[in-house]
Amino acid sequence: MTYPAILPAKGLADRLTGTFWRRPGLLLLLLIAPPLLWLGVVYLGSLAALLLQSFYSIDEFSGVVKEEFTLKTYAELFRAQNLDIIIRTVVMATAVTLACAVLAFPIAYYAARYAKGPWKAAFYLGVMLPLWSSYLVKVYAWKLILAKEGILGWAAEGTHTSWIIDGILSVPFLEGSSLSTSPFGTFLVFVYIWLPYMILPMQAALERVPNSMLEASADLGATQSQTFRTVILPLALPGVIAGSIFTFSLTLGDYIIPQIVGDSSRFIGLTVYQLQGTAGNTPLAAAFAVVPILIMLVYLSLAKRAGAFDAL
Amino acid sequence: MRSEASWGLKLAALGGLLFLHLPILLIFLYAFTTEERSYAFPPPGYTTEWFAVAWNREDIWPPLWLSLKVAAISTVMAMILGTLAAAAMARARFFGRDQVTLLILLPIALPGVITGMSLRSAFGVLDIPFSTWTIVLGHATFCIVIVYNNAIARMRRLSGGILEASADLGANAFQTFRHVLLPNLGSALLAGGMLAFALSFDEVIVTTFTAGQQSTLPIWMLNELVRPRQRPVTNVVAIVVFAATFVPILIAYYLTRGGSETAGMGK
Amino acid sequence: MTAAVEFQNVSRHFGPVKAVDGVDLTIAEGSFFAMLGPSGSGKTTCLRLISGFEKPTGGQIRIFGEDVSNTPPHLRNVNTVFQDYALFPHLNVRDNVAYGLMVKGVGRSQRHAKAEEMLALVKLDGYGDRKPAQLSGGQRQRVALARALVNQPRVLLLDEPLGALDLKLREAMQDELKALQHKLGLTFVFVTHDQHEALSMADSLAVFNEGKIAQIGTPRDIYDRPATRFVADFVGSSNVLPPDLTRALGGPAQWASLRPEATRLAATGPVSGTVTALRYLGSGTRVVIRAGGTEIAALVPAGQPVPTEGATTAIAFDPQALHLMGAI
């Protein structure tokens, strides 16, 4: 038997398929609507609420939030103590990002260029596991390490290198009774926690550098270090920038690490947390939360111009 | 180009990996210490009593159940929403596409404290009382992108022709979804779900803003870190949390081997 | 006899890009029809218009007399052998071939039996349990063919099906496809950019250029009497003569084509030039003469004197062999 050239539509599924075919936009709309509504309402809606709150102020005597538009709360950000917090946070985020880039490079470079077969898998897993595994557990581990009586102090005593730790702890701005109460400890933990976020995009960018390009460079008479500087680094840069988006942004907003390790000097995240919690000053907390948004928007637009999104 | 790495590079790379892993091992060690008031190293003695103590601590179980519940619900919601978003974005070109991509990425591109503070503000403005659902709202939002990333990476690797081939052979849209798209996407979706579960289970930054007086396991842990009671019990819980995230991550890795789904984009 | 496929003034524009522009086309039932053209000429878009993966922005398409403007691909009893085969990677070869029957609701044992039958037809008996990844390119191509035939389509569409195969395999498959088409009596619509493939396999063919059909006809028509300068350039090895040269040779001031076999060398004549290249072909020698701005090839049969490179010679030809054509 021969079938007809055009088959009849049987049932709802066939007819709906026909409708989707005739109106391709309809299917797209049906697919994108639920996630878009969710993100639009829950996420953007909340951001709007945050912005709204940041234009309210708090009555200094009663401690009640006045729901009237004012720029007074934003003006408070420019008080010396608040500016200090912002500057301290940005400096920390920059330092952490730079340290992550330096530490990540050999790992990413080795994994991208030399690791083969099972080693490659081991490297990949070795970076991915710490990235995804429990954040709080990792922070806790460092509390154990940096405690005065902890493993680092023990090792330093055993190798007679306690003077190094004491030296770090006597540097201005890094003072503390032990590493776990020094800003240097905070820095160390930040670097540790966010390092994998730098390695993966960096490795991805380096893997995209074709070997033939390195050979061409060597062929043209470039030395190892010239090839490195003029070919590998520029090509790895989008990966570094992509990674830095994470290290920078995550450091800007974190409020757990400075709470657990460090000299309890305040960072933006911690300030937001304390202002909305114990202090009950939601407007100022909201205004503080807008700061990292602005910083990240500038950062993202710069990164976009540098072509970092292709490396994500 | 040398085919062999220099010793300096090898050492630096290996050292970096060790740096990433050794601290976690300490958590395990301290779960067995007999010293409960400080983090003295080496531990003065070893015992397994803390596992029993932790088991019998009644303040641990409710947070554990809450964390499991939140992670399970958030994962399911993120899988549905993330898959839909990926299906829409995989091939279609439409006006505003870049903006939609940005919107999906934003919850992880901006610091968690902003998501948390924003939700907190919204609950305040709308007078929404804290509940399991306020926690889920936040978790599902930042988990969408994880499922989305996994799904879209797999869709890009799939030959676009097989969907057309299915229709060409007489399958309607639903048959194509069931017989072609789902089997090819399944493992990537499952991997995305695993990672979303792991992320939700140990999330603390957003949760503190959306939980009110409720306590998830990470919030319980955070309180113990700030005001320690029996330190080794915290280690026992930390091991549980670590295992609860470690296992799904490993499964996700094996499900997406050979692809690039889990690389690059982090939480 | 009804036409298998009929295009009436069909266009497919993508914004300002006119991928297909006002095409009229009739494909007879049971014919082996080729669509030939360079990439971007609109031939693949035409194929996708027949299968339904593109919708016309103008005009009407009929399949066996029925207007398909409102018929989605899955309801068109037309099947495609895709360029990259598009085999389902998660299904074994048997289930790939049986897929079309499965979605129609045919029972497992029945569709598997039918799939085996189709595999035998393409000489792949015994390969049913393999996964597509375990097959060679040629074998995948056969699976794609079997899969497309299992539904007993009224028209089989083939999108550059031999493009990915090496030369030897390609020639073998050309013969097999032709034999298969004869055996099944099906209408084959075959897209290719390879003029030899189109000329040797098709009963009739359409030459596409910039979204339009430059010429439709039998292979002989198109080879011997190209309608336009483009067709002559793309299909043949003919000499393409610009209007002034045609006139100098005694014809009207129009573009013309002249086959090398019909071109001779002479001592004197209205047009002469310098010999720029010689190529010995066994049966003769191909001599290229540069006259004015045009290169003209002449085939000198074996045994006749061949000029040396750089020599000056005039051109002669059989006036009947001069074929006039359009400028585009």
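Which residues does T73(A) touch, not counting residues up to four places away in sequence? In this predicted model, where local features need pLDDT of at least 70, side-chain atom pairs count only at pLDDT 80 or more, and totals for chains, interfaces and linings use all residues, T73(A) touches S54(A), Y56(A), S57(A), P283(A), L284(A) and A287(A). Residues are numbered from 1 along each chain as its sequence is written, while chains are lettered from A and ligands numbered from 1 in the order in which they are written. A contact requires that the C-beta atoms of two residues, placed from the backbone, lie within 7 Å. T73(A) is found in helix α3 of chain A, residues 72–76, where helices (H or I, at least four residues) and strands (E, at least two) are DSSP runs numbered from the N terminus. T73(A) counts as buried because it has 22 C-beta neighbours inside 10 Å; a residue is termed buried if 20 or more other C-beta atoms, placed from the backbone, lie within 10 Å of its own, exposed if 12 or fewer, and partly exposed in between. F55(A), 18 residues away from T73(A) in sequence, lies 6.7 Å from it in space, C-alpha to C-alpha.

Between chains A and B, 86 residues of chain A are in contact with 74 residues of chain B. On the chain A side, helix α2 (residues 24–54) gives the most, contributing 17 residues. By class, this side of chain A has 66 nonpolar, 15 polar and 5 charged residues, where Ala, Val, Leu, Ile, Met, Phe, Trp, Tyr, Cys and Pro count as nonpolar, Asp, Glu, Lys and Arg as charged, and the others, Gly among them, as polar. Chain B averages a pLDDT of 85, and 95% of its residues score at least 70, pLDDT being the predictor's confidence in each residue, from 0 to 100. Over residues 260–267 of chain B, however, pLDDT stays under 50, and the model has 28 contacts beyond four places in sequence for this segment.

Chain B also meets chain C, in a contact that takes 18 residues from chain C and 15 residues from chain B. On the chain C side, β6 (78–81) and α2 (93–103) are the elements that give two or more residues, and the largest share, 3 residues, comes from α2(C). That side of chain C divides by class into 8 nonpolar, 7 polar and 3 charged residues.

Chain C has 9 helices and 18 strands, and its C-alpha atoms fill a box of roughly 80 × 45 × 35 Å along the principal axes. Of its 328 residues, 44% count as buried, and residues 24 or more positions apart account for 61% of the contacts in chain C with a separation of 6 or more. An automatic or database domain assignment supplies the domain bounds, dividing the chain into domain 1 (3–232) and domain 2 (242–325). The centres of the two domains, taken over C-alpha atoms, are separated by 40 Å, and 6 residues of domain 1 are in contact with 4 residues of domain 2. The domain 1 side of this contact comprises 3 nonpolar, 1 polar and 2 charged residues.In chain C, 4 strands form an open antiparallel sheet in the order β2-β1-β4-β5, strands being paired if DSSP finds at least two bridges between them. Because β2 (17–28) and β5 (66–67) of chain C stand at the edges, each with a single partner strand, one side of each is left without a neighbour in the sheet. Strand β1 (residues 3–14) of chain C pairs with β2(C) in the antiparallel sense over 8 bridges, and F7(C) stands opposite L25(C) in β2(C). The hairpin of β1(C) and β2(C) has 2 residues between the strands, and G15(C) takes a positive phi near 60° there. Strand β4 (residues 58–63) of chain C and β5(C) are paired over 2 bridges, again in the antiparallel sense, with D67(C) in β5(C) as the bridge partner of R62(C).
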